[in-house]
Amino acid sequence: MRRADLFLLLTGILANGQELHWENGYDQSLEFKCPAGQSISYIKIQHDNHHEERMWEFGCKNTFNSGTDCFLSPYVNDSDQTFTYECPPHHIITGMSSYHSNKHEDSRWQFYCCRSNGQCIANCEWTTDVNCFDEFFHWTVPNQNYLVGAESYHENKHENRRWKYKYCSKVQC
């Protein structure tokens, strides 16, 4: 095997000592759901200026002790539009879905939301922007908190989005 091929193989398998788990390719749609009983624990995004698009990676954490009632939201935005989305009261984000438009160099977004009986959310906060345009970022849901909302705006100059997230703690109802 040539050195260049071996390098590409190894960098494709490992990054900072961790396997890459990108959920989509550049300019591709995204469809991610945590396993049953879990919710999103971190969001990692790789940006490529050539493609003006991002690849997404997610982590999940144990969240629900019993069966859940889940649904996929309708699209929350049109291409190039700002959106603010929050799951209904006492629901937690367990996945994200997007459809990428090459014409607009932007995506339309949907969110998976789940709720478990007897568990409510409280003490919610919004982050400030967690990224700048055209950059890699990694955001982790704060310890003992759960992701419940997202806000994003698109800028045509960068053909990119900036993100904020809403997180809450869980309490017994």
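Visitor: Which residue of β9 is the bridge partner of Ser 97?
Guide: Gln 110 in β9 is the bridge partner of Ser 97. Keep in mind that this is a predicted model.

Visitor: How do β8 and β9 pair, and over how many bridges?
Guide: Strand β8, residues 92-101, pairs with β9 in the antiparallel sense, over 9 bridges.

Visitor: What is the strand order in the sheet?
Guide: The order is β3-β8-β9-β6 in an open sheet of 4 strands, and the pairing is antiparallel.

Visitor: Which strands stand at the edges?
Guide: Those are β3 (30-33) and β6. Each has a single partner strand, so one side of each has no neighbour in the sheet.

Visitor: And by how many degrees are neighbouring strands turned against each other?
Guide: On average by 15°, with direction ignored.

Visitor: Switching to charges. How many salt bridges are there?
Guide: The count comes to 6 salt bridges. In general, side chains of opposite charge can pair when their charged atoms come close.

Visitor: Which side chain meets Glu 57 in a salt bridge?
Guide: That of Lys 44, at 3.9 Å from N to O. The cut-off is within 4 Å, so the pair counts. Glu 57 is in strand β5 (residues 53-62) and Lys 44 is in strand β4 (residues 38-48), 13 residues apart.

Visitor: Are Glu 57 and Lys 44 buried or exposed?
Guide: Both Glu 57 and Lys 44 are buried.

Visitor: Back to β9 for a moment. What does Arg 108 form with Asp 78?
Guide: Arg 108 and Asp 78 form a salt bridge, with the closest N and O atoms 3.6 Å apart. Arg 108 belongs to strand β9 (residues 106-116), while Asp 78 sits in the loop between β6 (68-72) and β7 (83-86), so the pair ties together parts that are 30 residues apart in sequence.

Visitor: What is the relative accessible area of Asp 78?
Guide: For Asp 78 the value is 48%, which makes this residue partly exposed. Arg 108 also counts as partly exposed, at 25% relative accessibility.

Visitor: One more pair. Which residue forms a salt bridge with Arg 162?
Guide: Asp 129 does, and the closest N and O atoms are 3.3 Å apart.

Visitor: Where do Arg 162 and Asp 129 lie?
Guide: Arg 162 is in strand β13 (residues 160-172), and Asp 129 is in the loop between β10 (119-126) and β11 (137-140). The pair therefore ties together parts that are 33 residues apart in sequence. Asp 129 is partly exposed, with a relative accessible area of 28%.

Methods:
Residues are numbered from 1 along each chain as its sequence is written. This is a predicted model: local features need pLDDT of at least 70, side-chain atom pairs count only at pLDDT 80 or more; totals for chains, interfaces and linings use all residues. Side-chain values use heavy atoms; hydrogens and water are left out. Helices (H or I, at least four residues) and strands (E, at least two) are DSSP runs, numbered from the N terminus. Buried means under 20% relative accessible area, exposed over 50%, partly exposed in between (1.4 Å probe, protein chains only). Two strands pair if DSSP finds at least two bridges between them. Axes are lines fitted to C-alpha atoms, for helices over the stretch in contact, and angles run from 0 to 180 degrees between N-to-C directions.
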